[in-house]
Amino acid sequence: MDVTVNNVDPVASIDGVIDELGTQIEYGVRSALILTELDAAGSFTDVGTLDTHTAVINWGDGMEDDLGSVMGTIAATHTYADPGDYTITLTVTDDDEGVGTPTKGIRVLDAEGATREAIENLIPLAEDDPNIAAALDKLHGNNGGPAENGALDLLEKGNLNAALEKIKQALQYLEAAEAADPSLDLTDSKSFLALTAKSTANEAILQAEAAATKPNELQKIARANELVAEGDTLSGSLDYVGAVGKYQQAVREEQGIY
Ligand SMILES: [Ca+2]
C-alpha cells in the first residue's frame, strides 16, 4: 500500500513592528522615522512538528535579511533611509519547501512628514487646552495661519538647530499640559517628537559624513554620535526634553561641515 504524506505549510505572522521607544508602528496610526531603528517580531507554527524552518525578512525597500534557521519566533531590526510606504514580507520556509508569507504595511516619514503627523494628531486635543495649542504653535508656526517659524517651516528651510529648539519647546508645553491635567497622557506624541529630533540629528550626521575631509570635522562627527547616544539614554528614561537637547547639540556639531 502506498502512503502519501502531504506537507502542510507553516503558518506565520508578523506580530508587531516597534520603534526605538517601544511604540507599535501601525499604518495610519503611528508612522516610523527614517534613520531610526525598527524591531520586527514574528512567529510561526507548523503541524509538521519535526519540520525545520528558515526565514527571510524583506523590508520592501530593496533590502532583506536572511535569518537562517529559526524556531518558532523571529526577530529582526531595520533602519529605513528614505521616507515611503513599505510592505514588510516575512517568508518562513520548511524543509519540504512549504512557505508562509505574512506581510505588514508601514509608513516611514522624514522629520518634516513626522512633524506634520504630530501636528495632525495634536490638533483635536488643542481645542480646550491652551498648553497643547501653544505646543502646536511651536510645531506649526502661527498655528494654521501662513507658515512662519514653526518647527515645520524651519525643517523645510533646513534650519535644523532652530527646528529642534521649537520641538523642544513644544515638548515643554506638552509636559505642562500633562502637569495641568493628570488624566492626560501625551507619551505617544512626546516620544514621536523625540524620534523626529533624533532622525533630524542622524540626517545631519549623514550629510556631514559625506562632506567631511578634515580631522577636526571627523572629530565633530564622532562627538555628534556620542550626543545622539546620550539623547537615546535620556529618551529611554522618558526625559524627552533632555533628549531633544542632546540631538540639537549633535546638529550644532555638524554646522559648517556640510
Ligand atoms: Ca510543514
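**Figure 1. Contacts across the predicted chain.** Of the contacts between residues at least 6 apart in sequence, 64% join residues at least 24 apart. The model shown is predicted. Its chain contains seven helices and nine strands. Taken along the principal axes, the C-alpha atoms fill a box of roughly 80 × 50 × 30 Å. The chain has 258 residues, and buried residues account for 41% of them.

**Figure 2. The two assigned domains.** The domain assignment divides the chain into domain 1, covering 11-109, and domain 2, covering 111-254. Their centres, taken over C-alpha atoms, are separated by 28 Å.

**Figure 3. Close-up of the contact between domain 1 and domain 2.** Here, eleven residues of domain 1 are in contact with 13 residues of domain 2. On the side of domain 1 that touches domain 2, six residues are nonpolar, three are polar and two are charged.

**Figure 4. Close-up of the largest nonpolar core.** This core comprises 68 residues. The residues with the most contacts inside the core are I167, A170, L193, V244 and Y247. Because domain 1 (11-109) and domain 2 (111-254) both give residues to this core, it lies between them.

**Figure 5. Close-up of the surroundings of L193.** L193 is one of the residues with the most contacts inside the largest nonpolar core. When its neighbours within four places in sequence are left aside, L193 is in contact with A118, I167, A170, L171 and Y240. Among these partners, I167 and A170 are likewise listed with the most contacts inside the core.

Terms used
Residues numbered from 1 in each chain as written. Predicted model: local features only at pLDDT ≥ 70, side-chain atom pairs only at ≥ 80, totals over all residues. Helix = DSSP H or I, 4+ residues; strand = E, 2+ residues; numbered from the N terminus. Buried ≥ 20, exposed ≤ 12 C-beta atoms within 10 Å, placed from the backbone. Contact = placed C-beta atoms within 7 Å. Domains from an automatic or database assignment. Nonpolar A, V, L, I, M, F, W, Y, C, P; charged D, E, K, R; others polar. Core = buried A, V, L, I, M, F, W, Y, C linked by C-beta atoms within 7 Å.
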